[in-house]
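Here are my notes on this model. Please read them with the structure open.

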Amino acid sequence: MWYYIYNEIISLIMKYSVCNERGIIVKKWNYIISIITACLGTLIMYESSKLSLKYTVSGPGAGVWPMMLGGLLLLCALALFIVTFINKEKYEKLEVILNTAANKRVYIVMATIVLYCILLKVAGFYLATALVIPVLMYIMGERRIKRILCTMAFGVIGIYLIFDVLLHTKLPVSIFL
């Protein structure tokens with residue numbers, strides 16, 4: 001029974017979405033992603049316009065970098081839309097199969113980054129970073145424990161020296177402190 005329900009759900013998804021039996025069709029998803037990215041870039045630019053965009057003696061205002069990044073995001077969305085439109089025949093035939101080993105690694109890294117963001121609030125920046133660096137290195141195929149531990153230690157110490165000691169910038173601390 002569950003197999004029948006699963007097959008019905010998959011067939012409905014395939015019927016009403018931009019997927020086929022093997023994967024997703026790149027052309028349609030490129031259009032969708034470019035529109036979403038353009039909306040996000042526009043939103044970032046709009047929100048950053050509420051901040052100071054003036055250059056002062058102490059440097060650019062708080063809205064300058066977000067405005068530039070929002071504009072860059074908007075340009076990238078436009079470029080994706082144009083390239084997809086120009087090469088529509090090529091992208092109509094091109095499919096991406098989501099269930100490959102390489103893609104599964106990407107999904108694992110994405111989940112690790114989400115957990116890292118949660119861990120930043122709970123454990124603080126230094127502990128969360130010290131935990132996530134070895135995990136990401138292992139996911140990426142590094143198996144030498146000495147290299148993993150050295151990268152973790154020098155990475156966290158380097159970040160501490162640059163941000164805390166030199167720049168006097170406080171990074172997120174644990175909610176328990």
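1. Leu161 is found in helix H7, residues 145-166. Helices here are DSSP runs of H or I with at least four residues, numbered from the N terminus. This is a predicted model: local features need pLDDT of at least 70, side-chain atom pairs count only at pLDDT 80 or more, and totals for chains, interfaces and linings use all residues. Residues are numbered from 1 along each chain as its sequence is written, and side-chain values use heavy atoms, with hydrogens and water left out.

2. Leu161 counts as partly exposed because its relative accessibility is 42%. The cut-offs: buried is under 20% relative accessible area, exposed is over 50%, and partly exposed is in between (1.4 Å probe, protein chains only).

3. Leu161 also belongs to a nonpolar surface patch of about 740 Å². Patch residues have over 30% relative accessible area and no salt bridge, and nonpolar side chains (Val, Leu, Ile, Met, Phe, Trp, Tyr) are joined within 5 Å. A salt bridge is a side-chain nitrogen of Lys or Arg within 4 Å of a carboxyl oxygen of Asp or Glu.

4. Thr37 lies in helix H2, residues 26-48. Thr37 is buried, at 19% relative accessible area. Leaving aside neighbours within four places in sequence, Thr37 is in contact (heavy atoms within 4.5 Å) with Leu73 and Ala77.

5. Val132 sits in helix H6, residues 125-139. Val132 is buried, with a relative accessible area of 10%. Beyond neighbours within four places in sequence, Val132 contacts Thr112 and Tyr116. Val132 and Ile113 are 19 residues apart in sequence, and their C-alpha atoms are 8.1 Å apart.

Terms used:
Patch = residues over 30% accessible without salt bridge, like charges linked within 9 Å, V, L, I, M, F, W, Y side chains within 5 Å. Areas by Shrake-Rupley, 256 points an atom, 1.4 Å probe, with all protein chains shown as cover. Helix = DSSP H or I, 4+ residues; strand = E, 2+ residues; numbered from the N terminus.
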